[in-house]
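Reader: I'm new to this one. Can you walk me through it?
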Amino acid sequence: MWFWVALAALLCWSGSDLFSRSIIALLFPILYCFIDAAGAVADTIVLETLNENTANVAYELTFLLMAILCFLYVVVIKKERLT
């Protein structure tokens, strides 16, 4: 895998417009792995300190909060109508 990352970096720095965004496409899955691992560690820590039902409710409330924030962003900031 590191071969492809190095190749993408070389193509990106060569000035070619065709491959200028390929490094970003390769970095997103790598960053996702790190974020997913950090989330797994955080889940372990939370489940050690909280009851499983309490952690589940907190997880669902987090999604509710994100849905409200996304709704406010689309309706208030972007001023788009929902159809």
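Reader: Which helices each supply at least two residues of the lining of the largest pocket?
Author: Keep in mind that this is a predicted model. The helices are α2 (22-49) and α3 (52-77).
Reader: Which one gives the most?
Author: α3 does, with five residues.
Reader: What residues line that pocket?
Author: The lining is made of D43, V46, L47, A55, N56, A58, Y59 and T62.
Reader: And how does the lining split by class?
Author: Five residues are nonpolar, two are polar and one is charged.
Reader: What volume does the largest pocket have?
Author: About 170 Å³.
Reader: Back to α3. How far does it reach?
Author: Its 26 residues span 36 Å from first C-alpha to last. That is close to the 38 Å expected at 1.5 Å a residue.
Reader: What comes just after α3?
Author: K79, which takes a positive phi of about 55 degrees.
Reader: New topic. How many aromatic pairs are there?
Author: The count is one aromatic pair. Y59 and F63 form it, edge-to-face. Their centres are 5.1 Å apart, with 75 degrees between the planes.
Reader: Where do Y59 and F63 lie?
Author: Both are in helix α3, four residues apart. That is about one turn of the helix.
Reader: Why does that spacing matter for direction?
Author: An α-helix has 3.6 residues a turn, so residues three or four places apart point the same way.
Reader: Y59 lines the pocket too. Why is it called partly exposed?
Author: Y59 has a relative accessible area of 47%.

Terms used. Residues numbered from 1 in each chain as written. Predicted model: local features only at pLDDT ≥ 70, side-chain atom pairs only at ≥ 80, totals over all residues. Heavy atoms only, no water. 1 Å grid on protein atoms, 1.4 Å probe; cavity = no way out; pocket = protein on both sides within 12 Å on 5 of 7 lines; lining within 4 Å. Points joined across faces, edges and corners; volume = space filled by probe spheres on them. Nonpolar A, V, L, I, M, F, W, Y, C, P; charged D, E, K, R; others polar. Expected span 1.5 Å × (residues − 1). Phe/Tyr/Trp six-rings, centres within 6.5 Å; stacked < 30°, edge-to-face > 60°. Buried < 20%, exposed > 50% of the residue type's maximum accessible area, 1.4 Å probe, protein only.
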